[in-house]
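Work through these exercises with the structure in view. Try each task before you read its solution.

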Amino acid sequence: MPLNIKDLKIESLDFAPLGRMKDEHAGNKGNVIPRLRISGTPKEAVELAIICHDPDAPLAHGFTHWTLYGVPPGTTDLDDSQSKFCVGPNGAGQPGYYGPQPPAGHGPHHYYFWVYALDTKVEGTPSREQFLDRYNGNIIEQNRVVGIYEN
C-alpha cells in the first residue's frame, strides 16, 4: 500500500503523538473513543475511513479496535461518530469501538488511528483486512496518529 501523506492529518485532543492514552479510553476502564480531529482533506476525496489498529497484539495480524466508514470529506470532528457514520467490525467481529486492553505484563502497545481519504465510497462494513485489500487503489492520502497504552 502506498504511503500517501501530503496535507491530510488526524490528531487527538486526548493524547499527544506517541503519548500515553488515558485509562478512560481502555476497553475495560470506560471504553470512551478519544476525541479526534481531521484536517487537510484533499478536495478530490469522496469519503473518509477511520481505522484504529494495534499491531502489537499477540495475534497474527494484530487487533483492530475500530472501523468507521461513510465519513464525509468535510468532516473535521469525529465526536459522536458512532451515531453519525457507518460503524464496521472490530477485531472481535462486533461493530463499534473496543478500546485498548493489552494483556497484563505484555508491555506497551501502539494504537494507530488511521484516516484514509478515498476517491470512492466504501460499500458495506468491511473488516480492516477487507478494506485494505478492496480499497488499496482508491486511497488518495492517508495519515495516522499513534497513542500508547499499557496495563
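**Exercise 1. Find where L18 lies, decide whether it is buried or exposed, and check its phi angle.**

Solution. 
- Step 1: Keep in mind that this is a predicted model.
- Step 2: Take the accessibility. L18 has a relative accessible area of 55%. Exposed means over 50%, so L18 is exposed.
- Step 3: Locate the residue. L18 sits in the loop between strand 1 (9-12) and strand 2.
- Step 4: Read the backbone. The phi of L18 is positive, about 65°, although L18 is not a glycine.

**Exercise 2. Work out the strand order of the open sheet of 6 strands, then name its edges.**

Solution. 
- Step 1: Write down the order. The open sheet runs 2-8-7-4-5-6, and its pairing is mixed.
- Step 2: Look at the ends of that order. Strand 2 (19-20) and strand 6 (86-87) are the edge strands, since each pairs on one side only.
- Step 3: Check the neighbours of strand 4. Strand 4 pairs with strand 7 (residues 109-118) in the antiparallel sense, over 7 bridges. Strand 4 also runs antiparallel to strand 5 (residues 63-71), with 6 bridges joining them.
- Step 4: Pick out partners. L48 has A117 as its bridge partner in strand 7. On strand 5, T67 stands opposite I51.

**Exercise 3. Explain why strand 4 counts as largely enclosed by the rest of the structure.**

Solution. 
- Step 1: E47, A49, I51 and H53 point one way from strand 4. L48, I50, C52 and D54 point the other way.
- Step 2: Check burial on both faces. All of these residues are buried.
- Step 3: Conclude. Because 8 of the 8 residues of strand 4 (residues 47-54) are buried, the strand is largely enclosed by the rest of the structure.

**Exercise 4. Decide which side of helix 2 is buried, and what packs against it.**

Solution. 
- Step 1: List the buried residues. In helix 2 they are R128, F131, L132 and Y135.
- Step 2: Recall the geometry. An α-helix has 3.6 residues a turn, so residues three or four places apart point the same way.
- Step 3: Find the partners. The buried residues of helix 2 pack against strand 4, strand 5, strand 7 and strand 8.

**Exercise 5. Classify the ring pair W114 and Y116.**

Solution. 
- Step 1: Know what to read. A pair of aromatic rings is described by the distance of the centres and the angle of the planes.
- Step 2: Take the values. The whole structure holds 8 aromatic pairs. In the pair of W114 and Y116, the centres are 5.9 Å apart and the planes are at 20°.
- Step 3: Apply the cut-off. Planes under 30 degrees apart count as stacked, so this pair is stacked.
- Step 4: Check burial. W114 is buried at 16% relative accessibility, and Y116 is buried at 3%.
- Step 5: Widen the view. Y69, Y112, W114, Y116, F131 and Y135 form one aromatic cluster.

**Exercise 6. Describe the surroundings of V145.**

Solution. 
- Step 1: V145 is in strand 8 and is buried, at 4% relative accessibility.
- Step 2: Leave out residues up to four places away in sequence. V145 then touches I10, E11, S12, F15, P17, Y111, Y112 and F113.
- Step 3: V145 and L36 are 109 residues apart in sequence, and 9.4 Å apart in space from C-alpha to C-alpha.

Terms used:
Residues are numbered from 1 along each chain as its sequence is written. This is a predicted model: local features need pLDDT of at least 70, side-chain atom pairs count only at pLDDT 80 or more; totals for chains, interfaces and linings use all residues. Side-chain values use heavy atoms; hydrogens and water are left out. Buried means under 20% relative accessible area, exposed over 50%, partly exposed in between (1.4 Å probe, protein chains only). Helices (H or I, at least four residues) and strands (E, at least two) are DSSP runs, numbered from the N terminus. Two strands pair if DSSP finds at least two bridges between them. The arc is that of the directions from the helix axis to the C-beta atoms. Contact means heavy atoms within 4.5 Å. Rings of Phe, Tyr and Trp (its six-membered ring) pair if their centres lie within 6.5 Å; planes under 30 degrees apart count as stacked, over 60 as edge-to-face and the rest as tilted.
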